[in-house]
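Hi,

Here is the structure I said I would pass on to you. Have a look at it first, and then read my notes below.

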Amino acid sequence: MKHKATLFQAKKLFTTSYLSKILLLVIAASSILSSCQPEKKLEEELPTTVEQDKEHIKSSFNRIKNIIQDIRESENFNLLVEKSKDYDYVFVGKSLGSYTYDNYEYVYVGQGKGDFNRNVLWQPSGFLQLISSDLMNKLNEHLFAQGLNEDFANNPNFDMSPYRGKYIWNHKTQSFDKEDYGYLLAVFPEEKNSPKNNCEIGIEAAQLKQTIQDGMKLLSPIKLKAYFQKDNARMITADFTGQYTENGIPTHISFDVFVKPFTIKTELKQEEANSYSIFTRLSDANKTENNLQIESKVTASQDIDSQKSLSDIFGFSISKGIKNLSFTIRQEKLSLLGDIDTETLFKNEDNINAEVLNNCLNLKLLYNEKEIAQLFIKEIDKNLTVFIRYKDNSNENSEIYYKELVDLFKKLFITA
């Protein structure tokens with residue numbers, strides 16, 4: 001899945017014999033290509049077997065696992081998160097071992113080694129703690145002294161441009177020095193005691209617009225363009241634009257963010273008075289085959305024309321706000337199509353069982369735009385479980401595909 005004459009010869013090339021050979025070569029190549037294309041097309045149109053379908057599903061989950069592994073191995077992740085001195089012990093066998101707590105960790109001292117797995121917990125890195133406390137507090141002293149706080153709160157059309165300037169961390173005075181600059185730029189070290197300023201945060205544009213939301217004056221973001229750079233390399237970039245009604249209801253929002261090595265593009269549009277479409281695409285610069293795309297449409301039970309109706313639909317007050325949810329998740333040639341009748345589903349929220357769910361859910365798996373399986377809910381030992389029914393009517397628990405993915409996800413965000 002991983003992926004580059006001499007003058008005499010030039011004269012000779014244009015003789016009749018050479019021209020005829022070239023012509024024959026072109027004709028031969030054209031015939032070969034034309035004969036190959038229908039064969040390739042025919043191969044794509046041939047129906048897949050159930051075993052092939054299972055392999056395609058497995059491959060797709062493996063590619064999503066690769067995304068998570070790329071996140072864990074990325075420079076951004078390791079810059080913001082580090083291992084703590086706290087540990088999480090998980091019992092995995094007969095409890096015969098003896099452990100003592102020494103220098104912030106448990107040390108095995110007796111029989112039964114291996115009965116416990118020790119998971120290292122994550123904590124915010126020293127770098128993140130530095131910029132979120134000491135450095136940002138010092139920078140705020142400069143900005144608030146210029147009236148940023150009052151301007152931000154009171155200006156109905158806030159613009160960041162009056163606060164532009166280059167703020168350079170002074171290691172001797174432990175504060176920022178300011179120079180003229182085209183936009184707001186903060187230059188600072190990766191570590192508090194480092195003599196080198198190798199990091200930058202730039203806010204190239206920031207604009208807010210005042211809207212009246214349920215009788216209250218609030219500011220809605222209409223433009224944000226910012227970046228984080230380390231050692232002269234862009235690590236994070238963000239580009240946001242927003243359009244709103246006078247009531248502060250978003251009609252079109254576009255948000256593109258690069259978090260090395262990933263680019264995430266998100267777009268939200270109000271398609272009708274009671275519905276939004278949401279598009280998200282994740283691209284992995286290291287492995288293009290890992291790219292993931294999600295398209296969805298959310299339909300509310302009423303027009304979205306107030307902050308309350310907006311919070312109902314996007315504040316996960318599903319039983320009040322959402323009438324229907326449809327989505328498509330694409331990973332290479334594999335797609336999951338879903339349609340959920342949430343209105344009917346939550347009319348039965350006090351009696352949700354496999355039958356109710358199956359009546360309200362329509363979930364299909366497609367490969368190369370052809371349906372290969374359906375998903376349905378089955379009750380196993382009083383637990384509701386997602387099963388896959390293949391085109392030969394055989395079925396199996398979907399856990400065989402996603403269990404490793406869930407375990408990997410937990411390790412990424414919970415423990416090392």
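K287 is a buried lysine, because its relative accessible area is 18% and the cut-off for buried is under 20%. This is a predicted model, by the way, so please read everything here with that in mind. K287 forms a salt bridge with D70, and the closest N and O atoms are 3.1 Å apart. The two partners come from distant parts of the chain: K287 sits in the loop between β13 (275–284) and β14 (292–300), D70 belongs to helix α3, and 217 residues separate them. D70 is buried as well, since its relative accessible area is 6%.

What about the helix itself? α3 runs over residues 50–73, and its 24 residues should span 34 Å at 1.5 Å a residue; the end C-alpha atoms are 35 Å apart, so the two values agree.

In total, the structure holds 13 salt bridges. One of them joins K364 and E371, with the closest N and O atoms 3.9 Å apart. K364 is partly exposed, with a relative accessible area of 28%, and E371 counts as partly exposed at 41%. Salt bridges with shared partners also join E75, E190, K230 and D231 into one network.

Most residues other than glycine have a negative phi, and most peptide bonds are trans. D231, however, has a positive phi near 50 degrees, and N232 has a positive phi near 65 degrees. D231 lies in the loop between β9 (216–230) and β10 (233–244), and N232 is found in the loop between β9 and β10 too. D231 is partly exposed at 41% relative accessibility, whereas N232 is exposed at 72%. A cis peptide bond joins K260 and P261, with omega about 10 degrees, and P261 is in the loop between β11 (250–259) and β12 (262–272).

As for the whole chain, there are 11 helices and 20 strands, and 31% of the 416 residues are buried.

Cheers

Terms used: Residues are numbered from 1 along each chain as its sequence is written. This is a predicted model: local features need pLDDT of at least 70, side-chain atom pairs count only at pLDDT 80 or more; totals for chains, interfaces and linings use all residues. Side-chain values use heavy atoms; hydrogens and water are left out. Helices (H or I, at least four residues) and strands (E, at least two) are DSSP runs, numbered from the N terminus. The expected span of a helix is 1.5 Å times one less than its number of residues. Buried means under 20% relative accessible area, exposed over 50%, partly exposed in between (1.4 Å probe, protein chains only). A salt bridge is a side-chain nitrogen of Lys or Arg within 4 Å of a carboxyl oxygen of Asp or Glu.
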